[in-house]
Amino acid sequence: MNVLSLFDGMSCGRIALDRAGIKYEKYFASEIDKHAIKVAMHNYPDTVQLGDVCAVTAAGLPKVDLLLGGSPCQGFSSAGKGLNFEDPRSRLFFEFVRLKNELQPTYFLLENVPMPKRWRDIISQYLGVEPIVINSARVSAQNRVRYYWTNIGAAPFDLFGNVRSTIGQPPDRHIILEDILESDAAAKYTLSGAAIERILRRKWSAPKVDPKKTGVMGTTNNSGRLGIDAGTTLITIPRGNNKGKNAPSKKAGTVTSSSFEHNNFLKLDVNGKPKNNQQKASCFTAGAHSAGNHSDMDIIRTGAEYRRLTPVEVERLQTVPDNYTACVSDSQRYRMLGNGWTVDAIAWILSHIPPPEKI
């Protein structure tokens, strides 16, 4: 089997293939971000890097058996400007379509964010299958609803011949936030009192609160300035005599490429204080820990101090191996993890590829 991964990032697809036990001969990757390429090559030095997707053609490749892709989602995300296919990044979806048509792979898998049905239907029309929906909460400590268009296990599902994968939901592992927290986080992740004041300065008149789940992890929610415009969940960790009184949140939110997908992650009680005992913490976006912005991130309280999630904790939210991204800076780690896949959700889908003798 030869695999081509478009918009490969840090090669989450390759981790998923290995985790699903899928054997492959060559892994070709199309990516232009130098930091993501560095991480991919550090972990998988035999990856064949092809560069810009727009320059990739079937003529330069062997038979491709599996085509993977998570085309940039900024145009579709509720965090963006609603440009959908007019957004230059989301238009890259058509490069996935082009290569799918040129290569005629045996299997394909495209991941993207929840979006209005009219846009979803366009993607389905081009790919010939309806998406399946999986929330990463079933395999990880975060909420992350994603759409997956794939012909793995595909079959007609209605009288009109529309096709959808028959793959069901992955088993619920019941992983909660406290399961993935480090007990010895470095002091640099602790937030100053001034930063906390900025979080609590603004009160919402009618916050949209789901007591069981909170937000998304994306590309704009980490260091420097702290705000709540894009949402922040405060999490407490019991210590000493406080044990049992303030349990940590049980689930983190979605890891996405945008820090403004949701505006409901800061949980305040009637007095404007952080609420505890939540089952899910906020979703991490690709900008969540960069450019001086703490806006859409999980803040953990240890005793009298508050801290942000560490890169290793974020890797665990995305079910990426610990320190997989350690060869680049923290800001780049947070960004690419926010842009990446929840590996175990992808591995679950890929695990349904039949063995070669049954293809």
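Student: How many aromatic pairs does the structure hold?
Tutor: Five. Keep in mind that this is a predicted model.

Student: Take F93 and F94. What kind of pair do their rings make?
Tutor: An edge-to-face pair. The ring centres are 5.1 Å apart and the planes stand at 65°, so the pair gets that label, which needs an angle over 60 degrees.

Student: Why those two values?
Tutor: A pair of aromatic rings is described by the distance of the centres and the angle of the planes.

Student: Which residues do ring pairs link into a cluster with F93?
Tutor: F94 and Y126. Ring pairs join F93 with both of them in one cluster.

Student: Is F93 buried or exposed?
Tutor: Buried. Its relative accessibility is 0%. F94 is another matter: at 31%, F94 counts as partly exposed.

Student: Another ring, then. What sits over the ring of F157?
Tutor: The charged end of R164. It lies 3.9 Å from the centre of the F157 ring.

Student: R164, got it. How far is S124 from R164 in space?
Tutor: The C-alpha atoms are 9.5 Å apart. In sequence, S124 and R164 are separated by 40 residues.

Student: Where is S124 found?
Tutor: In helix α4, which covers residues 117-127. S124 is buried, with 5% relative accessibility.

Student: And what is S124 in contact with, leaving aside neighbours within four places in sequence?
Tutor: V129, E130, P131 and W149.

Student: Remind me what a disulfide is?
Tutor: A covalent bond between the sulfur atoms of two cysteines.

Student: What about C12, buried or exposed?
Tutor: Buried, since its relative accessibility is 4%. C327 is at 22%, so C327 counts as partly exposed; buried would need a value under 20%.

Student: Let's zoom out. What does the secondary structure come to?
Tutor: Nine helices and 15 strands in the protein chain.

Student: How much of the chain is buried?
Tutor: Buried residues make up 55% of the 359 residues. The chain exposes about 15200 Å². Carbon and sulfur atoms supply 51% of that area.

Student: And the contacts, what share comes from residues 24 or more positions apart?
Tutor: That share is 76%, counting contacts with a separation of 6 or more.

Student: Back to the strands. What is the order in the open sheet of seven strands?
Tutor: The order is β3-β2-β1-β4-β5-β7-β6. The pairing is mixed.

Student: Which strands are at the edges?
Tutor: β3 (48-49) and β6 (132-135). Each of these pairs on one side only.

Student: How do β1 and β2 pair, parallel or antiparallel?
Tutor: In the parallel sense, over five bridges. Within that pairing, V3 stands opposite Y27 in β2.

Student: And β5 with β7, parallel or antiparallel?
Tutor: Antiparallel. Four bridges join β5 (residues 107-112) to β7 (residues 145-150). One to find on screen: L109 has T150 in β7 as its bridge partner.

Student: Why is β2 called largely enclosed?
Tutor: Because four of the five residues of β2 (residues 26-30) are buried. The rest of the structure does the enclosing.

Student: What about α8, how many of its ten residues are buried?
Tutor: Seven, so α8 is also described as largely enclosed by the rest of the structure.

Student: Which ones are they?
Tutor: D330, Q332, R333, Y334, M336, L337 and G338.

Student: Now backbone angles. What is phi for F7?
Tutor: About 55°, a positive value, although F7 is not a glycine.

Student: Where does F7 lie?
Tutor: In the loop between β1 (2-6) and α1 (12-20). F7 counts as buried, at 16% relative accessibility.

Student: And what is phi for T319?
Tutor: Near 55°, again a positive value in a residue other than glycine.

Student: Which loop holds T319?
Tutor: The one between α7 (311-317) and α8 (330-339). T319 is buried, with a relative accessible area of 10%.

Conventions: Residues are numbered from 1 along each chain as its sequence is written. This is a predicted model: local features need pLDDT of at least 70, side-chain atom pairs count only at pLDDT 80 or more; totals for chains, interfaces and linings use all residues. Side-chain values use heavy atoms; hydrogens and water are left out. Helices (H or I, at least four residues) and strands (E, at least two) are DSSP runs, numbered from the N terminus. Buried means under 20% relative accessible area, exposed over 50%, partly exposed in between (1.4 Å probe, protein chains only). Contact means heavy atoms within 4.5 Å. Accessible areas come from the Shrake-Rupley method with a 1.4 Å probe; for residues, only the protein chains shown count as cover. Rings of Phe, Tyr and Trp (its six-membered ring) pair if their centres lie within 6.5 Å; planes under 30 degrees apart count as stacked, over 60 as edge-to-face and the rest as tilted. A charge sits over a ring if NZ of Lys or CZ of Arg is within 6 Å of the ring centre and within 35 degrees of the ring normal. Two strands pair if DSSP finds at least two bridges between them.
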